Amino acid sequence: FIQCAGQRNPEHLPYCSSYCCLVALKQAKYVRELNPEAKAYIFYRDMRTPGQFEEFYKNAQNDIGIFLTKGEVVSISENSDKSLNIEVEQTLLGEKITVKADLVVLATGMVSSYEGLPTTREEVFERYGLTGQEEPDVIEKTIAETPQPWVGILNLQYRQAPEIPVLKYSLPDSNFICFPYESRRTGIYAAGCVRQPLDIDGCIRDARGAALKAIQCMELESRGAAVHPRAGDLSFPQFFLQRCTQCKRCTQECPFGALDEDEKGTPKPNIFRCRRCGVCMGACPERIVGFQNYNIDIISSMIKAISVPEDDEEKLRILCLACENDAYPALDMAGINHINYSPLLRVIPMRCLGSMNLVFITDALSRGIDGVLLLGCKFGDDYQCHFVRGSELADYRMSKLHETLSKLGLEAERAELVQVAITDYDKLPGIIDKFINRIKEIGPNPFKGW
Ligand code: SF4
Ligand code: SF4
């Protein structure tokens, strides 16, 4: 048995499949049970028996017919009698050894069945040679007429793609720390080896978790409530479509594919997919999307209610828009731990930083607030955003802010987005002070007192 055959190797499979060492030990035991004269060799880099299998490992170790040897296999060659020669280097004894075997078993690892499938809208279009600008019936006809040897697995009716979006190693895109089974398709949960390489025990545990999630989902959806992470929320986004310009920003930015489009590009909300993140509210340049209890008017009124010290008071006022999932609890944790942070700050919680509409920043700055600090979750490949892309989209919108602020004669540095996790609560005073010091260098907002 040759372990990690191509696994934990940046050139091939960079990850550990976590089950192969145990399987090799088990198969070696089977061989020995069936033929007590047989010898089994297991060549490993590190013997990994996750969970509670240490005793099983020791049992195999104590079997006089099972040889566990640490080393790197450098070659396998066939002898004239069809047996195989295995050469192993870097053994614990430092010697090169050669073993003659009748059968060689390679632990090649587990690969996602999504590997190579088009799973994002862009990949689907690339695969079918489309640009996305074609008429819908042209897109459908091209897809229908193209041979599909890779045949999709789920074939969902989502405008972004027919499969579950995937991330690194073609495994489902999900926030692994906070809700591992969730996928970006509300009501579809990934468990077991669909989610990550696992042994059978791990798969059973995972399936239990996913089944509980599915039960919660059915119960919540049956009464029109949102699922995790805003479980129980009965609000839903409302669109004042008379003023919709069909710009498609909301439909493209919704992380959960909850917004379909009609033929003109007007959003068609699918409430059962919606997670109430408010990303559509943040995206809409016409400000026509909102919830009954969370909308542009409510946030703008909160901004308006913030007292702005007059210029001669020599005091700054800083607005902090904090994501309620990590950043806002982190500010809370700082308070609980008696960690002081600047009293110049006024904090407004956001459902997700992705629900931040740029109008909040321009409103705040045009009222004389000196700076706006946005605190959101980490984005990128190892993102922590509870709504997948919210903080990333907020960051993208911030890149467009420069132009608007220069029209107002204000510096772009007056607004900044910082990525924080709940565990960063002790770093928050430093982050806030750094931002305030920068605002001090720029000087007070010239709109103060207008
Ligand atoms: S609230 Fe979030 S999930 Fe619902 S439609 Fe808007 S962007 Fe999509
Ligand atoms: S972002 Fe606003 S204006 Fe654009 S399509 Fe959506 S609802 Fe209409």
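Reply: Helix 1 (residues 20-34) packs against helix 2 (residues 54-61) at an angle of about 45 degrees, and their axes are 10 Å apart. That makes helix 1 oblique to helix 2. This is a predicted model, where local features need pLDDT of at least 70, side-chain atom pairs count only at pLDDT 80 or more, and totals for chains, interfaces and linings use all residues. Residues are numbered from 1 along each chain as its sequence is written, chains are lettered from A and ligands numbered from 1 in the order in which they are written, and side-chain values use heavy atoms, with hydrogens and water left out.

Me: Which residues of helix 1 and helix 2 make the contact?

Reply: Leu22, Leu25, Lys26 and Lys29 of helix 1 meet Phe56, Tyr57, Asn59 and Ala60 of helix 2. Contact means heavy atoms within 4.5 Å. By class, that contact of helix 1 with helix 2 has five nonpolar, one polar and two charged residues.

Me: And what do those words mean here?

Reply: Helices are DSSP runs (H or I, at least four residues), as are strands (E, at least two), numbered from the N terminus. Axes are lines fitted to C-alpha atoms, for helices over the stretch in contact, and angles run from 0 to 180 degrees between N-to-C directions. Angles under 35 degrees count as roughly parallel, over 145 as roughly antiparallel, 65 to 115 as roughly perpendicular and the rest as oblique. Ala, Val, Leu, Ile, Met, Phe, Trp, Tyr, Cys and Pro count as nonpolar, Asp, Glu, Lys and Arg as charged, and the others, Gly among them, as polar.

Me: OK, at what angle do helix 8 and helix 10 cross?

Reply: Roughly 25 degrees, with the axes of helix 8 (residues 296-304) and helix 10 (residues 358-366) coming within 10 Å. That makes helix 8 roughly parallel to helix 10. Ile296, Ile299, Ser300 and Ile303 of helix 8 touch Val359, Phe360, Asp363 and Ala364 of helix 10. In that contact of helix 8 with helix 10, six residues are nonpolar, one is polar and one is charged.

Me: New topic: where is Pro229, and what kind of peptide bond joins His228 and Pro229?

Reply: Pro229 sits in the loop between helix 5 (200-222) and strand 6 (238-239). The bond joining His228 and Pro229 is cis, with omega about 5 degrees.

Me: And what about the phi of Asn155?

Reply: Asn155 is not a glycine, yet its phi is positive, about 50 degrees. Asn155 lies in the loop between helix 4 (136-145) and helix 5. Most residues other than glycine have a negative phi, and most peptide bonds are trans.
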